[in-house]
Amino acid sequence: QTIVLSQVAEPDINALFNKFSHNYAGKVRMSQTHAGSICSVIPKISQVFQRFPCSNVAEISDARFRFFMEKVMPELGNPLMDHILIFVPSYFDYVRLRNHFRKEEMQFAQICEYTTTANVSRARSNFFHGRRRILLYTERYHFHFRPLIRAAKHFVFYGLPQYPQFYPELLAAADMSSDSSCMALFCPLDALRLERVVGTVRAQRILHAEKSVHMFA
């Protein structure tokens with residue numbers, strides 16, 4: 001017998017279950033409906049969920065990067081925007097963005113699970129005092145340390161977090177200025193993560209809507 005337990009549902013776990021869990025008596029998968037961690041967001045901040053097209057899991061990384069560079073980066077390049085926190089769930093996507101920012105000679109700070117304590121302190125200080133406009137930040141670092149990243153005004157979720165509670169945790173430290181904002185990128189293949197963040201009912205509506213931009217406040 002095979003028993004698969006997970007705090008959250010993910011496509012790779014579902015694929016493992018469907019492909020290798022065979023039993024003559026059948027199999028059972030338990031799931032649940034979600035209210036959505038977005039309900040726990042305390043600051044009054046405009047939250048935009050932006051859908052990008054992708055239907056092939058092998059192309060999702062390239063599609064996300066291409067959409068980010070074409071649609072999001074021009075907005076982030078506005079010199080009037082500062083204290084921008086970019087949350088990246090995947091370390092591989094983090095490395096890709098970091099290398100691109102370096103190639104373009106952008107001034108940014110970075111924190112990942114491999115960043116030393118001294119460099120983390122330096123990055124947070126530079127970001128807080130505005131010496132670096134952008135902070136690249138990985139989900140795995142947040143999973144282990146849960147710091148409160150202060151002074152962030154604009155949040156960009158390069159991908160939705162695997163653990164939905166991270167979404168309101170990051171926004172809890174938002175600098176509540178009049179122009180604060182939050183943007184989250186997703187595609188149809190992110191349906192499970194979207195469901196945990198916005199809720200089961202909202203996720204179904206968003207995924208099947210004709211428009212690709214959805215706003216919450």
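User: Is Glu10 buried or exposed in this model?
Analyst: In this predicted model, Glu10 has a relative accessibility of 7%, which means that Glu10 counts as buried, the cut-off being under 20%.

User: Which residue does Glu10 form a salt bridge with, and how far apart are the closest N and O atoms?
Analyst: The partner is Arg196, and the closest N and O atoms of the two residues are 2.7 Å apart. This pair links distant parts of the chain, since Arg196 belongs to helix H7 (residues 191-198) while Glu10 sits in the segment before helix H1 (11-20), and the two are 186 residues apart.

User: And Arg196, buried or exposed?
Analyst: Arg196 is buried, with a relative accessible area of 5%.

User: Which residues are linked with Arg196 in a network of salt bridges?
Analyst: The network of salt bridges links Arg196 with Glu10 and Arg193.

User: What about the rest of H7, how many of its residues are buried?
Analyst: H7 is mostly covered, with 6 of its 8 residues buried, and these are Arg193, Leu194, Glu195, Arg196, Val197 and Val198. The buried residues of H7 pack against strand S1 (46-51), H5, helix H6 (166-171), strand S6 (181-186), helix H8 (200-208) and strand S7 (213-216).

User: Which residue follows H7?
Analyst: Gly199 follows H7, and the phi of Gly199 is positive, near 105°.

User: Back to the ion pairs: how many salt bridges are there?
Analyst: The count comes to 7 salt bridges. One of them is between the side chains of Arg96 and Asp62, at 2.9 Å from N to O. Arg96 lies in helix H3 (residues 91-103) and Asp62 in helix H2 (residues 60-76), so this pair ties together parts that are 34 residues apart in sequence.

User: How accessible are Arg96 and Asp62?
Analyst: Arg96 counts as partly exposed at 29% relative accessibility, and Asp62 also counts as partly exposed, at 40%.

User: What does Asp82 pair with?
Analyst: The side chain of Asp82 meets that of Lys153 in a salt bridge, at 3.6 Å from N to O. Asp82 lies in the loop between H2 and strand S2 (84-88), and Lys153 in the loop between helix H5 (139-145) and strand S5 (154-157), so the pair ties together parts that are 71 residues apart in sequence. As for accessibility, Asp82 counts as partly exposed at 25%, whereas Lys153 counts as buried at 18%.

User: Switching to H4, what span does it reach?
Analyst: Helix H4 (residues 117-128) has 12 residues and reaches 16 Å from its first C-alpha to its last, which is close to the 16 Å expected at 1.5 Å a residue.

User: Which residues of H4 are buried?
Analyst: The buried residues of H4 are Val120, Ala123, Asn126 and Phe127. They cover an arc of only 135° around the axis, so they are on the same side of H4. Their packing partners are S2, strand S3 (108-111), strand S4 (134-138) and H5. After H4 comes Gly130, whose phi is positive, near 80°.

User: Where is Phe108 placed, and what does it touch?
Analyst: Phe108 is in strand S3 and counts as buried, at 11% relative accessibility. Leaving out residues up to four places away in sequence, Phe108 touches Arg98, Phe101, Arg102, Arg132, Ile134 and Leu136. The C-alpha atoms of Phe108 and Ala123 are separated by 8.7 Å, with the two residues 15 apart along the chain.

User: And where is Phe67?
Analyst: Phe67 is in helix H2 and, at 13% relative accessibility, counts as buried. With residues up to four places away in sequence not counted, Phe67 touches Gln50, Arg51, Phe52, Val72 and Leu185. From Phe67 to Arg131 is 27 Å in space, C-alpha to C-alpha, and 64 residues in sequence.

User: Last topic, pockets: how much space lies in the largest pocket, and which residues lie nearest its centre?
Analyst: The largest pocket holds about 960 Å³ of space. Its lining has 29 residues, of which Val4, Val28, Arg29, Met30 and Ser31 lie nearest the centre.

User: Which helix supplies the largest share of that lining?
Analyst: H1 supplies the largest share of the lining of the largest pocket, 4 residues, and H1 and H7 each supply at least two.

Definitions and conventions
Residues numbered from 1 in each chain as written. Predicted model: local features only at pLDDT ≥ 70, side-chain atom pairs only at ≥ 80, totals over all residues. Heavy atoms only, no water. Salt bridge = Lys/Arg side-chain N within 4 Å of Asp/Glu carboxyl O. Buried < 20%, exposed > 50% of the residue type's maximum accessible area, 1.4 Å probe, protein only. Expected span 1.5 Å × (residues − 1). Arc of directions from axis to C-beta. Contact = heavy atoms within 4.5 Å. 1 Å grid on protein atoms, 1.4 Å probe; cavity = no way out; pocket = protein on both sides within 12 Å on 5 of 7 lines; lining within 4 Å. Points joined across faces, edges and corners; volume = space filled by probe spheres on them.
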